[in-house]
Amino acid sequence: MEQYYLCMYLLLFVSFATLSLFILFYKHKTHFSNPNLPPGRTGLPFIGETFQFISCGWHGHPEKFIIERVAEFSSKIFKTNINREPTAVFCGPAGNKFLFSNENKLVNATWPSHFNKIFPFSLETSIKDESKKLRGLLPKFLKPESLQRYVGVMDTIAQKHFESYWENKDEVFVHPLAKWYTFWLACKVFMSIDDPQYIVKFVDSFNLLVTGLLSIPIDMPGTAFNRGIKASRYIRTELLKVIKQRKIDLAEGKALPNQDILSHMMLTCTEDGQYMKELDIADKILGLLVGGYDTASISCTFIVKYLAELPDIYARVYKEQMEVAKCKAPGELLNWEDLQKMKYSWNVACEVLRLTPPIQGTFREAINDFVFNGFFIPKGWKLYWSVHTTHKHPEYFPEPEKFDPSRFEGVGPAPYTYAPFGGGPRMCPGKEYARLEILVFMHNLVKRFKWEKLVPDEKTVVDPMPRPVLGLPIRLYPHNTT
């Protein structure tokens, strides 16, 4: 009898697998059958060109996948198949402009479905819906006039960070320290938490969560994806404790309604006139912390890398930062006006973002059939744009591999050619926040140290964000005075 049931289960499994493969094949064939589709190729059955797409990043050259196909097909748009999805890749300023300006008209942002397991919102919504809601809550706190009051807070955290983890050290690993700095800052600005002993409980879990997001989505014990799910549950549990305590503090007058984003979320009604539930607030704070954690730390890391390699650039940054420092009284914190004087330093940061953008590109989804450059794009196709089709193109940035901060003087790059923060309605709402934390980091770093790389030819990989494979170890040389 057991053998009978086993045979039945095997038969059902084989039937289901066969049906699934047939559906995938039919979908694949239908999507690529229109004669007016963009040029390109679909790769291997079912997996398409996913491996080629990812492996270019593993080898440190994510732009290679696109550059080779643009040259092969002589087209600024081509078709491929990534993650088992028919995909059109848009290249150049015209492609960027089209995707950025048609958000919510012809295209929508899209997220990998497995993200919902790590961000387990309610059954009635999804990470995409929650992302839209979160964007609606952020402008009040992330616009420049609101962020001005946080400059001193950022400077305080940066000083504590460098005093604790850089000073009196001969050698440090930059990447993990930069991640610690940006995470500490996010906890302080978003939730008014700056106790390192408390924050350290979150850091390892956040590393597991981010790794899980970027891993193969196999939910089995021992996999990175499974560890990411467990880390997400732990962080949400801890955030709920913070929210419950904040509710008590607000009632007792120990916390202010406008002191940070957490208080704002707790006291703001949604569109239906209801206050957000505690779990919804925890989810949104979790999303904010993830968004503010990795990207800025990557920029800080590669700023250190390039300043080590380019002593003339370092000298100009140092001069500018010391001019700011000399105008400050002992113990006086940085303010908004100080950051506006750091024009050359920001141009340096922008050039780092051009050469090593944290986000290589993003996916959209066609919500209607449309035609672009004479090519038919079917509804449901994924659409990919990459910063590298303009950032490293000599037509828009002459000598694209050369580090040249002067590109950002005057009017700067042409429209839709420089897009490390995206563009259109989907432009990163934390752009100004990132500018402030990067400049505060640069100020506190260069006024304390010169440094050199301990591994001159350290490799950079992109999986899918860039990182130095060894964490960028450097040797520090403190200045005589700070």
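Phe 183 and Phe 206 are both buried, a class defined by a relative accessible area under 20%, with exposed set at over 50% and partly exposed in between (1.4 Å probe, protein chains only). The model is predicted, so that local features require pLDDT of at least 70 and side-chain atom pairs count only at pLDDT 80 or more, while totals for chains, interfaces and linings use all residues. Residues are numbered from 1 along each chain as its sequence is written, and side-chain values use heavy atoms, with hydrogens and water left out.

The structure contains 27 aromatic pairs; rings of Phe, Tyr and Trp (its six-membered ring) pair if their centres lie within 6.5 Å, and planes under 30 degrees apart count as stacked, over 60 as edge-to-face and the rest as tilted. Among them, Phe 100 and Tyr 416 form a tilted pair, because their planes meet at 35°, with ring centres 6.3 Å apart. This pair joins distant parts of the chain, 316 residues apart: Phe 100 belongs to helix H4 (residues 92-101), and Tyr 416 to the loop between helix H19 (388-391) and helix H20 (431-446). Helices are DSSP runs (H or I, at least four residues), numbered from the N terminus. Phe 100 is buried because its relative accessibility is 3%, whereas Tyr 416, at 33%, is partly exposed.

The rings of Phe 183 and Phe 206 are likewise tilted, because their planes lie at 55°, with centres 4.7 Å apart. Phe 183 is located in helix H10 (residues 174-191) and Phe 206 in helix H11 (residues 196-213), so the pair ties together parts 23 residues apart in sequence.

Ring pairs also link Phe 53, Phe 65, Phe 73, Phe 78, Phe 363 and Tyr 384 into a cluster.

Definitions and conventions. Helices (H or I, at least four residues) and strands (E, at least two) are DSSP runs, numbered from the N terminus.
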